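Have the structure open while you read.

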Amino acid sequence: MNKAPSRSDAPSVRIGFLAPLSSPGWTEAGRHLVAGAELAAGEINDAGGVAGRPVELLVRDTAADPRTATAAVDELAGLGVAALAGEYHSVVARAAAARADTLGLPYLCSSAVLDTLTEQPTPWVARLAPAQSHGWRTYAGFLLGAGHTRIAVATQPSVYWASGTGILRDCLAPHGGTVVELDTGAHTPAELCDQLVAHRVSALLLLAGHPEPAVSVVRSVRRDPRLAGLLIGAPAGQPEFAEWAALLGTEGAGIPFLRYLPERLGPLGARVDTALRGQLAEAPSFVAFEGYDTIVALAGLLRAHGAEHGADESAPWEHVTVDGTRGRIRFSRTPGIGVWQWTWPPVQVVDRDPAGADRFRILHVG
């Protein structure tokens, strides 16, 4: 009598996973993203894998470079991956999504939020994070609710930062609000402070890279007595990670940012939180939960779609319904967004508590 092959004997289901793990990428985000993905893959394998086959993650470093990401997608496709996942930086995810669409390879984007992830609608790409327009409108609502209608943005040249500025301007304009753009490449942090005083703004938003120039701008603003009442904000989430608190201490507290977590984790989220704390040796960011949910959702797709590349004419994202750490995950078509989208993950505006920078305060819920 022939013995059925054990799970360990079955060929693996390979998933290519993209993340920024070296500079100039946001490496802390990449590390958390991979940790969540690895935890989910291990749990899926312990439960029998996908159709009896173990999940194998092939992790590739994008270093926040679109060309590196495109090359990684080609390499991974050549290795026979069943799907692609991951990435944090929007401009990098956009390059990966375009290549995955061309190859007809399913790609679930974990964290990038740029609305135009693909130029044209595609059946192959889906996204777990909320679209930038959804999250940043929530942030604009927080600003308006707190009485901030005249704001400045300290920005760098990027389609992502330009898109965010446009969303904020569109949200504030009907309420008489204005947005002053200040180029961090054209002004030193001290000169930025002079500009903030001259423009009489009540809030400054950091639409700039981490740790620099964002950290230097925060230090200059915090230490300028002329700007004692100025709100500093960071909608892109720079204060989420432990490195922010380590670099800035109390100066980095009280800076509201977007975070994609519920007000309270359910049983699954709480269990994953505990496991991630042990794996990371620190509190997990929301990005770690995105990494976990990505692999759980992608396993659901592969069960529906088949684990072989080219098994169908498209990836049936509409058939995916799974329990994630932050709620029930389903994908749908959303007007103005060309990829399948989870509508919507939970959205909060939070900050680090000035009374204890290792604690977070929920200021607004989308």
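**Notes on the model**

1. Let's start with a loop. Pro211 sits in the loop between strand S8 (203-207) and helix H7 (214-222). Keep in mind throughout that this is a predicted model. The peptide bond leading from His210 into Pro211 is cis, with omega near 5°. Pro213 is also found in the loop between S8 and H7, and a cis peptide bond joins Glu212 to Pro213, with omega about 10°.

2. Next, backbone torsions. Ala63 is not a glycine, yet its phi is positive, at about 55°. You'll find Ala63 in the loop between S2 and helix H2 (66-78). Is Ala63 buried or exposed? Its relative accessible area is 16%, so Ala63 counts as buried, the cut-off being under 20%. Ala281 also has a positive phi without being a glycine, this time near 60°. Ala281 belongs to the loop between H9 and H10. With 72% relative accessibility, Ala281 is exposed, because the cut-off for that is over 50%.

3. Now the strand S1 (residues 13-19). Six of its seven residues are buried, so S1 is largely enclosed by the rest of the structure. S1 pairs with strand S2 (residues 55-61) in the parallel sense, over seven bridges.

4. Thr155 deserves a look. This residue lies in strand S6 (residues 150-155), and at 11% relative accessible area Thr155 is buried. A polar atom of the Thr155 side chain lies 3.4 Å from the backbone oxygen of Leu207. Which residues does Thr155 contact, leaving aside its neighbours within four places in sequence? They are Trp161, Glu181, Leu182, Asp183, Thr184 and Leu207.

5. There is an open sheet of three strands, in the order S10-S14-S15, with antiparallel pairing. Strand S10 (257-259) and strand S15 (356-365) are the edge strands, each pairing on one side only. On average, neighbouring strands in this sheet are turned by 45° against each other, direction ignored. S10 is joined by three bridges to strand S14 (residues 348-353), and the two run antiparallel. Across that pairing, Leu258 stands opposite Val349 in S14. For a charge over a ring, go to Arg259: its charged end sits over the ring of Phe360, 4.1 Å from the ring centre.

6. Last, the aromatics. How many aromatic pairs does the structure hold? The count is eight. One of them is Tyr260 with Phe286, an edge-to-face pair at 5.2 Å centre to centre with 75° between the planes. This pair links distant parts of the chain: Tyr260 is in the loop between S10 and helix H9 (267-280), Phe286 is in helix H10 (residues 286-305), and they are 26 residues apart. Both Tyr260 and Phe286 are buried. Elsewhere, Trp26, Tyr88 and Phe241 make up one aromatic cluster.

Notes:
Residues are numbered from 1 along each chain as its sequence is written. This is a predicted model: local features need pLDDT of at least 70, side-chain atom pairs count only at pLDDT 80 or more; totals for chains, interfaces and linings use all residues. Side-chain values use heavy atoms; hydrogens and water are left out. Two strands pair if DSSP finds at least two bridges between them. Helices (H or I, at least four residues) and strands (E, at least two) are DSSP runs, numbered from the N terminus. Axes are lines fitted to C-alpha atoms, for helices over the stretch in contact, and angles run from 0 to 180 degrees between N-to-C directions. Buried means under 20% relative accessible area, exposed over 50%, partly exposed in between (1.4 Å probe, protein chains only). A polar contact is a pair of N or O atoms within 3.5 Å; within protein, one must be able to donate a hydrogen and the other to accept it, and residues adjacent in sequence count only if both atoms are side-chain atoms. Contact means heavy atoms within 4.5 Å. Rings of Phe, Tyr and Trp (its six-membered ring) pair if their centres lie within 6.5 Å; planes under 30 degrees apart count as stacked, over 60 as edge-to-face and the rest as tilted. A charge sits over a ring if NZ of Lys or CZ of Arg is within 6 Å of the ring centre and within 35 degrees of the ring normal.
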